[in-house]
Amino acid sequence: MPQTHPALAVGRLLLFNLLGALLVFSWLSPDLPFWTEVDDAVFFTTNGWLTEENGAWVWLVAATNARLFDVVSFFILLAIFLWAIARDPVPEQRMLRWGGIGITMLLVAVFMAQGVRMVIDYTHPSPTLGYQEVNLVTEMVDFSTKDSSGSSFPGDRGVNLFLFTAFMWRYAGLRVMLVSLVAAAILSAPRILSGAHWFSDVYFGALAINLIIAPWFLLTPIGPAMARGITAGMARVQELLPGR
């Protein structure tokens, strides 16, 4: 739970950064074609499932790549967030405290998104644009969905889902983190299943970014200080409201 974590955990910070660096090495090394082979295997296997004979599966993949599913994903994460708040062992001002944690998470997400765009100029199109004669869910259903992207690396949804999981681990404990991790895997899967993202866009790109950047906020005093400052600011605003 939140109060049991040290403000600075150098050992774990270095461990996660090392894991992130190893992922980057596995991606960049010309002697390790692991990611290329996995990407092709996952894409051609899952794309082969998208046929007229598998109408129910095609509809499910298409539906989970529609805009409305983003709303469903939001409410799933909100439910986990509220569960984390309910499990907080310190009831005093926990809504304000978790409000500060939530806003800090959003600020870190923005920092990560902008920082990645500034530092990483590499990207690539989705597999459905890289190969010819592939099965496209957009051609099999009569509603708007997504099965391609001109710039699919890294998987933005995956980056945010893994960051959410990291915050839940830091502030809500192992049980909430495990549920968040399962949710992250499920909610990031539709883009891979439709061919809009490569497997590595999520499980290399999004994961490596979180392993390298998120620990500097969650395993140092930076993140907790941000959350405390935001919580204190909201508490002052609350005191100034009429009727307080």
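S180 sits in helix 8 of this predicted model, where local features need pLDDT of at least 70, side-chain atom pairs count only at pLDDT 80 or more, and totals for chains, interfaces and linings use all residues. Residues are numbered from 1 along each chain as its sequence is written, and side-chain values use heavy atoms, with hydrogens and water left out. Helices here are DSSP runs of H or I with at least four residues, strands are E runs of at least two, and both are numbered from the N terminus.

With 1% relative accessibility, S180 counts as buried; buried means under 20% relative accessible area, exposed over 50%, and partly exposed in between, using a 1.4 Å probe on protein chains only. Leaving aside residues up to four places away in sequence, S180 touches I80, F164, T165 and M168, where contact means heavy atoms within 4.5 Å. From S180 to L28 there are 152 residues in sequence and 29 Å in space, C-alpha to C-alpha.

Two packed helices are described by the angle between their axes and the distance between the axes. The axes are lines fitted to C-alpha atoms, for helices over the stretch in contact, and the angles run from 0 to 180 degrees between N-to-C directions.

| Pair | Axes come within | Crossing angle |
|---|---|---|
| Helix 7 and helix 8 | 8 Å | roughly 175° |
| Helix 7 and helix 9 | 9 Å | roughly 40° |

That makes helix 7 roughly antiparallel to helix 8, while helix 7 and helix 9 are oblique to each other. For these words, angles under 35 degrees count as roughly parallel, over 145 as roughly antiparallel, 65 to 115 as roughly perpendicular, and the rest as oblique.

**Helix 1**

Helix 1 covers residues 10-28, 19 residues in total, and reaches 27 Å from its first C-alpha to its last, close to the 27 Å expected; the expected span is 1.5 Å times one less than the number of residues. Its buried residues are L13, F16, N17, G20, L23 and S26, and they pack against helix 2, helix 7 and helix 9.

Which residues does a cis peptide bond join? F153 and P154, with omega about -15°. P154 is in the loop between helix 6 and helix 7. E133 lies in the loop between helix 6 and helix 7 too, and E133 has a positive phi of about 55° although it is not a glycine. At 83% relative accessibility, E133 counts as exposed. Q93, in the loop between helix 4 and helix 5, has phi near 55° and counts as exposed at 54% relative accessibility.

**Whole chain**

The protein chain has 10 helices and 0 strands. Of its 244 residues, 44% count as buried, and its C-alpha trace spans about 65 × 45 × 30 Å along the principal axes.
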